[in-house]
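Dear colleague,

I am handing over the structure we spoke about, and it is placed just below. My notes on what was found in it follow.

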Number of protein chains: 2
Amino acid sequence: MKIGILGLGTVGGGVVNVLSKNHQEISRRCGSDISIEIAAVKDLKQKRICSTDGFKLTENSNDVVNHPDVEVVLELIGGTSIAKDLTEKALKNKKHVITANKALIAKHGNELLKLAKDNSVSILFEASVAGGIPILKSLGQGLTANKIDLVAGIINGTGNFIMTEMKEKGRDFDDVLKEAQALGYAEADPTFDIEGIDAAHKLAILASIAFGVELNFEAVSTEGISQVDPEDISIADELGYIIKHLGVAKKIDGRIDTRVHPTLIPKKRLLANVNGVMNAVLIKGNAVGPTLYYGPGAGDEATASAVIADLVDLVKGTHSNDEFCWKQLEKANYIEKDNVESIFYLRILASDKPGVLADITSILAKHNISVESVVQKQIDADNNAHIAIITNKILTKEMNKAINEIQAHDYITGTVKIIPVETLD
Amino acid sequence: MKIGILGLGTVGGGVVNVLSKNHQEISRRCGSDISIEIAAVKDLKQKRICSTDGFKLTENSNDVVNHPDVEVVLELIGGTSIAKDLTEKALKNKKHVITANKALIAKHGNELLKLAKDNSVSILFEASVAGGIPILKSLGQGLTANKIDLVAGIINGTGNFIMTEMKEKGRDFDDVLKEAQALGYAEADPTFDIEGIDAAHKLAILASIAFGVELNFEAVSTEGISQVDPEDISIADELGYIIKHLGVAKKIDGRIDTRVHPTLIPKKRLLANVNGVMNAVLIKGNAVGPTLYYGPGAGDEATASAVIADLVDLVKGTHSNDEFCWKQLEKANYIEKDNVESIFYLRILASDKPGVLADITSILAKHNISVESVVQKQIDADNNAHIAIITNKILTKEMNKAINEIQAHDYITGTVKIIPVETLD
């Protein structure tokens, strides 16, 4: 099997290195040899993390996608413009494509899958979600006997590193973000990571496989971690919760709910104990019950591990992206945001006057919202009481009505903060 | 695809139920229909957990393995005598076999794989290890790019339930075992679960796939949980560890070490937080790093989920047990038990006399064993000091020499207890 690689950066370099160092093992499992024919790079003179002995290098990507001997193209450039163009060319040239590009699949997956099908080739993307964890194979093959009820995952390592540091060391968001950038975990422009866009890309892919529906990135409601306050982390801790940036996909009565946001999780759940840059995905099937998959969500060789697993599946013919067959994916029916049911954590700043807590809880009661737990923190320097409430499970629109009503009162001295809670039981 | 089932007990009944309730989902993923042709049961009149509408029932298992229309036989009887005989007949009749039978595969897997190969059919056994967790597919396909360094798993739900109850409620082993039997977690004869034999079967299978070697159940050194003392659990807790019954398979310098025993694990590891009847397996690959897979290790529908995943793989041709191809599996080179390196926890009962601790630590030092931490508990009613020590990493034979020397002293008032420690870092 001859392959061509687009991009020899972190992931591409990792693939070359792993193919080399585990050559014997991979050949044994594969039953045949995988050889790199050609790789396209931006600048031939750049220093790389891998050796480039034994294959051609080019600065012209078309040399790869048009190469007559190349059977599989690894798209490891990233982004959605050039990568999309080259992926389309490769598929049209009847070459299989393996990609680690979540943005590409989340946004253009439907058309690319159709194009692959029309050309009788495959496009595989295990590495696009949760790095080295074989999560797409587990969902698509390992749990194939199940109707999937829930997917809930920590699927952005940078975000989880920041949340972990804030929790464990009481540090501020901005402070930890700077460290994450210095460590190379976060990009110079960290928007995709901290605003939840990267996680939303991955969640769209997970939901598509889990529920057998078309990819729909736009349907994911997305909130990042930049607004998470150390005070919320500390109050959540007191109430028995940890705040994680979670991607959640649910199917309820045939309708789908996909969202990415900071979430309170009970401390005792395994997901709450996934720290640093690690990823983990909880999947609940109606036969198997709860299962969880944990591992590194990024890194050169971890991501390469997933890329090469797809490659070996292609060589052996054991890949299984029939889930994605264009004709089989349904258009999904999504729950409107307002009609999503959830438990909520509220944090309210109010003047320290008698009757305020009674007033707030009676407004909640009027909207049929009951209070599962409440803490009132000591009065701050501005004479504000800090009140935190965990509600029962209610419709988002009811919650919003109640909050608007609470917010309108004179005694409220700040914006009411609201964070969803997932019990994951 | 027409299937025949041997046994309609917990797992067989679960398979029938899941195939029925998730029929639409499975057909969509499968691309074709799976229909049950015939099932063999011990007693036609027995009450079952599943409906038997739509397929034939027989008390003669040969009706299943010889049935001309049956393409796949599900062996869900258990045990190694009748099950082995029927599996062989089915394979010789050129029918694929799917089994949940860990004892059968661990003890006779090599010959059965050869027989399957000779007859150009497959024998698949995802359900034999860790129930619903797709752990064999993850090892064989998802992590195929890796050299596997370590497999460490909680792979016996009954044992983990007992260890969890002992830890959380300070209960005695015998007391919890009785409850496990009343709850149906443990058999009337619990030997396989509590003496580690069931876990050893599963570990032998995991090691075979992880390292590409022949199945070798006899090479697994096996110790159960019946000797775990609540005092050890409580001292371990003080030292920052939790005791779990762990299956461990390592490959070090080309030599394999497989063992099942109670093990101290640092509290902060995810594996230490896997409780009750749940299973989890940690796998370290040289490319991906550490990954962990968690889920229910038993139960009718959880196990059925794994059986049906194999079935769908067969229908789609996406199964991948080439790892097991007779000609490709190597004979492994095992490390002698004495030459295994480990950290150890020791618990020593000694008369409360001056110089005892100094004497013990100097014996350890003489054998080049350093003490990483030590606690001495209050003196008991018999005037014994309870001393617990965590050592550095040393050869088992050195540890044993030191213990024999310590044990020989007059001031030692009980048998020195020794439990391996795995840091899993």
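Which residues of strand E5 (residues 96–99) of chain B are buried on one side, and which on the other? His96(B) and Ile98(B) are buried on one side and Val97(B) and Thr99(B) on the other, so that both faces of E5(B) are covered; a residue is called buried if 20 or more other C-beta atoms, placed from the backbone, lie within 10 Å of its own.

Please bear in mind that this is a predicted model, in which local features need pLDDT of at least 70 and side-chain atom pairs count only at pLDDT 80 or more, whereas totals for chains, interfaces and linings use all residues. Residues are numbered from 1 along each chain as its sequence is written, and chains are lettered from A and ligands numbered from 1 in the order in which they are written. Helices (H or I, at least four residues) and strands (E, at least two) are DSSP runs numbered from the N terminus.

E5(B) belongs to an open sheet of 6 strands with parallel pairing, in the order E3-E2-E1-E4-E5-E6 of chain B, where two strands pair if DSSP finds at least two bridges between them. Its edge strands, each pairing on one side only, are E3 (56–58) and E6 (123–124) of chain B. E4(B) and E5(B) are joined in the parallel sense over 4 bridges, and Val73(B) has Val97(B) as its bridge partner in E5(B). E5(B) also pairs in the parallel sense with E6(B), over 2 bridges, where the bridge partner of Ile98(B) is Leu124(B). From E5(B) the chain crosses through helix H5 (residues 102–118) of chain B to E6(B), in a β-α-β crossover that is right-handed, a term meaning that, with the strands pointing away from the viewer, the path from the first strand over the helix to the second runs clockwise.

Turning to the interface, the contact takes 50 residues from chain B and 50 residues from chain A, two residues being in contact if their C-beta atoms, placed from the backbone, lie within 7 Å. The largest share of the side of chain B that touches chain A, 9 residues, comes from H12(B). Strand E12 (residues 289–296) of chain A pairs with E12(B) in the antiparallel sense over 3 bridges, and Tyr293(A) has Tyr293(B) as its bridge partner.

With best wishes

Note on methods:
A residue is buried if 20 or more other C-beta atoms lie within 10 Å of its own, exposed if 12 or fewer, and partly exposed in between; C-beta atoms are placed from the backbone.
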